[in-house]
Amino acid sequence: MRIAHLSDLHFGLHRADLVEPLLAQVNGARPDVIVLTGDLTHRSRLEQWREATEFLARLEAPVLCVPGNHDIPAWNPLARVVIPFAAYRRNVGAPTDVEMQFGRVSLQGVNTADPLAWDRGRISKARADEVIARLRPAALNIVALHHPMQQRPEVRRELMRGAPEALRSFERGGVDIVLSGHLHRWAAAELLGQGRRTLQIHAGTALCSRPGDKQNEFAVLDMHAGGLTATRHIAPMDQQGFQPPVTQNFLRQGGLWRAEAA
Ligand SMILES: [Fe+2]
Ligand SMILES: [Fe+2]
């Protein structure tokens with residue numbers, strides 16, 4: 001089972017030169033499913049959605065997608081509160097209740113974008129409980145959402161509202177892997193400490209060229225009996241295309257994930 005995990009495309013503030021190399025790399029990896037953890041557009045404007053949907057149409061695998069805060073029209077106060085997901089719904093599909101099954105792998109998409117907590121996002125107890133209720137006991141259960149549920153200490157942004165409680169509930173309830181985006185910086189091993197029941201993977205940004213973004217990247221995640229291998233495809237800002245990929249293994253023993261030493 002192979003997942004291509006992409007996040008934070010930010011069409012409208014994206015690297016146009018990287019669109020074709022990204023499509024070639026993602027499709028060339030022949031994933032079973034592509035997980036897109038939000039921020040497809042930069043400002044949820046018409047032209048940005050046109051570019052985003054053209055990109056989606058060229059992906060050659062099923063796509064499980066969730067909205068990010070940038071997919072809400074923050075520039076339009078009325079639309080932001082009254083119809084925050086209208087453009088997303090029109091261009092991508094339902095923002096909530098997204099589920100897919102691939103053999104023994106079960107995927108759920110959770111909408112954490114919230115017009116009343118625009119940057120920070122939110123996961124309610126009710127939503128976390130719904131996720132737990134939908135877990136498949138015999139499956140590898142993966143949850144995809146935009147806002148991370150835990151951050152490294154050096155991250156100077158507010159953690160998603162409700163994240164600590166929801167993460168505890170995910171770990172207790174049996175969520176195996178959480179895929180997220182939003183911070184535009186990869187993190188995974190750093191979040192495991194001495195071992196955790198849930199492996200969290202923060203994707204970097206696949207296309208955004210915002211000042212402060214140091215590189216673009218996406219990851220290919222291969223599930224296997226003992227764990228997961230993450231293969232990161234990195235495109236530095238000052239170079240054309242992608243570098244040779246780097247891999248990191250995550251092993252699960254006794255119910256706990258740990259990162260294999262490089
Ligand atoms: Fe983003
Ligand atoms: Fe975001």
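The second largest pocket holds about 190 Å³ of space. Its lining consists of R104, V105, L140, M223, H224, A225, G226, G227, R252 and W257. The model is predicted, with pLDDT of at least 70 needed for local features and 80 or more for side-chain atom pairs, while totals for chains, interfaces and linings use all residues. Residues are numbered from 1 along each chain as its sequence is written, and side-chain values use heavy atoms, without hydrogens and water.

A pocket is an open set of points on a 1 Å grid over the protein atoms alone where a 1.4 Å probe fits, with protein on both sides within 12 Å along at least five of seven lines; lining residues have an atom within 4 Å of a point. In the largest pocket, 18 residues form the lining, and L183, H184, R185, G212 and D213 are the closest to the centre.

| Pocket | Volume | Lining by class |
|---|---|---|
| Largest | about 410 Å³ | 4 nonpolar, 5 polar, 9 charged |

The largest nonpolar core has 28 residues, of which L6, L9, L22, V26, L40 and F55 touch the most other members. Such a core joins buried nonpolar residues through side-chain atoms within 4.5 Å, buried being under 20% relative accessible area with a 1.4 Å probe, protein chains only. Beyond neighbours within four places in sequence, L40 is in contact (heavy atoms within 4.5 Å) with residues including L9, F11, W49 and V92.

How values were computed. Chains are lettered from A and ligands numbered from 1 in the order in which they are written. Buried means under 20% relative accessible area, exposed over 50%, partly exposed in between (1.4 Å probe, protein chains only). Grid points are joined across faces, edges and corners, and a volume is the space filled by probe spheres set on the points. Ala, Val, Leu, Ile, Met, Phe, Trp, Tyr, Cys and Pro count as nonpolar, Asp, Glu, Lys and Arg as charged, and the others, Gly among them, as polar.
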